[in-house]
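Hi everyone, thanks for coming. Let me put the structure up on the screen, and then we can walk through a few places together.

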Amino acid sequence: MNGNQIDFSDDFSPFYLDVLKEIGNIGAEHAATSLSKLLGNKIDMYVSSVKLAGFNEVMELAGGAETEVVSLMFRLGGAAAGSMFFILSPQQAAQFVSRMTRRTGLVQCQCQRDELEYSALRELGNIVAGSYLSALSDLTYLNVQLSVPALTVDMAGAILSSALVEHACTSDRALVIETSLTEAGDSNSSIDGYFFLLPDPDSSDTLLKSLGVSGT
């Protein structure tokens, strides 16, 4: 990097990753409260890990380029513009839809899914992503807007490749937030997913400096 500009290609100390994890857990607490009201049962939610991952690892975490996934993609506006993906396996998505709609699960053929199922998944994405970004905004004082989520069911490679290629002009890594959602009283109800945050080139420096990360 030139000068003091920093981006996700720079190494983060464990301290800054812990700060990002704490932001995630604050957001997860807020999301758990909203989901508990929505589902009528106590929901526990927490961030398992936060790390920087190379693009090959991002694809592996999503299940592999040829693995079908359910993706909720958000565009971030404001001071920290970029893209955010919330990736679930079809099985994890079906599990949430079943709990929210009291149905048996997600229809396997995308063309047969109805609006109720799509709405349930969009609501999950809105609650979780909105809670995380609210916690980030509160700590950094950055104004970040969240778009309506675009829901896609496709191979992970088809969903993520274009965003990763666009991001690659300034960095070869993404911020990965692993999250877990569990319904109280049911140890087998865990729903695990990944957030992949890809700031736009001109937003990465702003976001990281707001967290106290300094360039060299």
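Let's begin at methionine 45. Setting aside its neighbours within four places in sequence, methionine 45 is in contact with Ala28, Ala31, Ala32, Leu35, Val128, Tyr132, Thr179, Ser180 and Leu181. Please keep in mind that what you see is a predicted model.

Now, which residues touch the most other members of the largest nonpolar core? They are Leu35 and Met45, and that core has 47 residues. Helix α4 gives the largest share of this core, with eleven residues. Another core lies apart from it and has 18 residues, including Val58, Ala156, Ile159 and Ala163. As general background, nonpolar side chains tend to be buried together in soluble globular proteins.

Let's stay with α4, which covers residues 115–140. How does it sit against α3, residues 90–101? Their axes come within 9 Å and cross at roughly 105°. Angles of 65 to 115 degrees count as roughly perpendicular, so that is how α3 and α4 are placed relative to each other. On the α3 side we have Ala93, Phe96, Val97, Met100 and Thr101, and they meet Leu116, Glu117, Ala120, Leu121, Glu123 and Leu124 of α4. By class, that contact has eight nonpolar, one polar and two charged residues.

My last stop is glutamine 145, in strand β4, residues 144–146. Is glutamine 145 buried, exposed or partly exposed? It is partly exposed, with a relative accessible area of 37%. Its side chain makes a polar contact with the side chain of asparagine 143, at 3.0 Å. Beyond its neighbours within four places in sequence, glutamine 145 is in contact with Arg75, Leu76, Gly77 and Gly78. Glycine 78 is 67 residues away in sequence, yet the C-alpha atoms are 5.9 Å apart.

Technical notes
Residues numbered from 1 in each chain as written. Predicted model: local features only at pLDDT ≥ 70, side-chain atom pairs only at ≥ 80, totals over all residues. Heavy atoms only, no water. Axes fitted to C-alpha atoms, helices over the stretch in contact; angles between N-to-C directions. Helix = DSSP H or I, 4+ residues; strand = E, 2+ residues; numbered from the N terminus. Parallel < 35°, antiparallel > 145°, perpendicular 65-115°, else oblique. Contact = heavy atoms within 4.5 Å. Nonpolar A, V, L, I, M, F, W, Y, C, P; charged D, E, K, R; others polar. Buried < 20%, exposed > 50% of the residue type's maximum accessible area, 1.4 Å probe, protein only. Polar contact = N/O pair within 3.5 Å; in protein donor to acceptor, adjacent residues only side chain to side chain. Core = buried A, V, L, I, M, F, W, Y, C linked by side-chain atoms within 4.5 Å.
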